[in-house]
Amino acid sequence: MRLMFFLIFSAFTIAACQNAPEEKLLADYKVRYIASSQNLTIQAKYKTVIKGKKEVSFKPALGVGVLGKTMEYKSMQGVAPDYYSYDHRTKFPDKIAFQFEDNQHQFVEQSINFKPISSIQIKEKVIRPDSGFTLVWQGDTLRKDEELVILLEIGGETVLKLSKVGQSYGKKVYIRREQLENLQPGKGTITLVQKRYQRYPTESSVSGSYILEYYHLPIETEVKKE
C-alpha cells in the first residue's frame, strides 16, 4: 500500500514539474557614450518571462553594480518599466560588466566588450559631391551586428545622414556621389556614431540583449564643388 502511494505521489510530482510554466530572466541594456563630453549613460532593465503566460518586471534583491558603482533605481510608477541608471563623465571603459543576483538567488555577471574605431579621417581631406569621399580609420572592421551612422552638419544644421549597416570589408567606408548630390559648399563637421545590437545566448542563465551607441568626436571638414 505504501509502495502504491509512493508511485502515485511520484507520478503526480513528475507531471506537475513537466506542466510547470517555464520562467526565464531577461536583461536588456542600453549604453550611450558621447566622446565630446565624455558622458557615459547606461540603462538596465530586468524582467521574468513565464512562457505563454506573462512578463513581470524583476528587481534584483541587492541592486545592480556596474563599473564599481551601484546603479540608481528608477521607478516609473507603472507608466513604463522600472529601470536602473548610471550617468557619469568618464573615459570609455574597455569592459562594462553588470553584477546582480538573479531570480534563483545566484550571482550573475554580464559583460559588454566594445572597442571603438579610432583615428577617423576623410581620405580625400575634403568632401566633393561630384566624386564622393572615403572615411578611413584604425582599429577593427565593422561587425555584422554593427551600424555606422554618418552625420554631416553645416551651419549648425544636419544636412546629411547616412547609415552603413553590417560588416565592412576593410577599415573604410566609401560614400558615393549619388548620396551627396544635394550638398551645398560650406565648412562643417562629420560625426560618426557606432551602433551595436547583440543578443545574449538563449541558453544562458540570464538572456536578453544590449544596444550600444558610441558618438565619436566631430571631424572638421569642408564641402567643395568642382
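How many aromatic pairs does the structure hold? The structure contains 12 aromatic pairs, where rings of Phe, Tyr and Trp (its six-membered ring) pair if their centres lie within 6.5 Å. This is a predicted model, in which local features need pLDDT of at least 70 and side-chain atom pairs count only at pLDDT 80 or more, while totals for chains, interfaces and linings use all residues. Residues are numbered from 1 along each chain as its sequence is written, and side-chain values use heavy atoms, with hydrogens and water left out.

**View 1. The stacked pair of Tyr29 and Phe98.** The two ring centres are 3.8 Å apart, with 10° between the planes; planes under 30 degrees apart count as stacked, over 60 as edge-to-face and the rest as tilted. Tyr29 belongs to strand β1 (residues 23-34) and Phe98 to strand β8 (residues 95-101), so the pair ties together parts 69 residues apart in sequence. Strands are DSSP runs of E, at least two residues, numbered from the N terminus. Both Tyr29 and Phe98 are buried (under 20% relative accessible area, 1.4 Å probe, protein chains only).

**View 2. The edge-to-face pair of Phe92 and Tyr214.** The ring centres lie 5.2 Å apart and the planes meet at 85°. Phe92 is in the loop between β7 (83-89) and β8, whereas Tyr214 is in strand β16 (residues 206-215), 122 residues apart. Phe92 is buried at 16% relative accessible area, and Tyr214 is buried at 10%.

**View 3. A cluster of linked rings.** Ring pairs join Tyr29, Tyr46, Tyr73, Tyr84, Phe98, Phe100, Tyr200 and Tyr210.

**View 4. Lys59 over the ring of Tyr73.** The charged end of Lys59 is 4.1 Å from the ring centre of Tyr73. A charge sits over a ring if NZ of Lys or CZ of Arg is within 6 Å of the ring centre and within 35 degrees of the ring normal.

Note on methods
Helices (H or I, at least four residues) and strands (E, at least two) are DSSP runs, numbered from the N terminus. Buried means under 20% relative accessible area, exposed over 50%, partly exposed in between (1.4 Å probe, protein chains only).
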